[in-house]
Each structure stands twice: as C-alpha cells, then as structure tokens.
Amino acid sequence: KTWFLADAGIVVRDWMHIAGPKELQAVLRLMKAIRILRIVKLWPRIVLILWRLNRLIRSEHRRAMLQMAGLLCCFLVILHFVCCGWYWIGTMSLDAESWTATFLPGDS
C-alpha cells in the first residue's frame, strides 16, 4: 500500500492550479479537501500511539501535560477550520471591497 498515486495526483493538481485556466483552478481548489483523507486514514494509528504513550507514562503530572498538549492540538485544528471559513466568507463578497481585498492586497 503506497501513497504514490495520491501524491502524484496532488502534484499534477498543484501544477494545473498554477498554470491552468481560471475555471479549472476553481475546481482544483475543491480537490484540496482530498488531502484530509490521509489524516482520516492515519487517525487510528495516531490514537493507538498516544494510548501506548499514555500507558508508559507513570507520572500523573506528565499524563496531564500530554492531555493538555492533545487538547491544544485539537483546539488549533478547530481554530484553523474556523479561520478558513471566515476567509472563505470574505472572498465570497459580491462587491470588490471585502476585508480580504482591503487587508490582503493581491489576494482577491
């Protein structure tokens, strides 16, 4: 089981995003969501590794620190998606004067 085909597809999609026509670029942006499938597939392994690591730790203080680090990572992932949503809302403005056009020049 290899990731070659998925990686090759991502590279081709990126090249087409850079050099392709504008209509194609909109479709290719949606394909970026496919990358999340890698994380979904690896999630059981990540949970197993963290569970084993938690069993090896004898100190309650260190276990608490590991749990806090895990909560911080979850918080950052959720925050990332919230920010992506706000950016998407900003780019969907009907007029040219959205906050993304004002504060992020060249990114319209």
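## Starting at Leu 66

Select Leu 66 to begin: its relative accessibility is 22%, so it counts as partly exposed, since buried would mean under 20%. Keep in mind that you're looking at a predicted model. Leu 66 sits in helix α4.

Now show what surrounds it. Leaving out residues up to four places away in sequence, Leu 66 touches Leu 50, Leu 53, Asn 54 and Ile 57.

Next, select the whole of α4, residues 60-91. Its 32 residues reach 47 Å from the first C-alpha to the last, close to the 46 Å expected at 1.5 Å a residue. Zoom in on the start of α4, where a side-chain oxygen of Ser 59 comes to within 3.2 Å of the backbone nitrogen of His 61.

Select Ile 78, Val 82, Trp 86, Tyr 87, Trp 88, Ile 89, Met 92, Trp 99, Phe 103 and Leu 104, which together make about 1,100 Å² of it. Which helix gives the largest share of the patch? That's α4, with 6 residues. Color α5 (99-103) too, as α4 and α5 each supply at least two residues.

You'll find Met 92 in the loop between α4 and α5. Its relative accessibility is 49%, so Met 92 counts as partly exposed; exposed would take over 50%.

Key: Residues numbered from 1 in each chain as written. Predicted model: local features only at pLDDT ≥ 70, side-chain atom pairs only at ≥ 80, totals over all residues. Heavy atoms only, no water. Helix = DSSP H or I, 4+ residues; strand = E, 2+ residues; numbered from the N terminus. Expected span 1.5 Å × (residues − 1). Polar contact = N/O pair within 3.5 Å; in protein donor to acceptor, adjacent residues only side chain to side chain. Patch = residues over 30% accessible without salt bridge, like charges linked within 9 Å, V, L, I, M, F, W, Y side chains within 5 Å. Areas by Shrake-Rupley, 256 points an atom, 1.4 Å probe, with all protein chains shown as cover. Salt bridge = Lys/Arg side-chain N within 4 Å of Asp/Glu carboxyl O. Buried < 20%, exposed > 50% of the residue type's maximum accessible area, 1.4 Å probe, protein only. Contact = heavy atoms within 4.5 Å.
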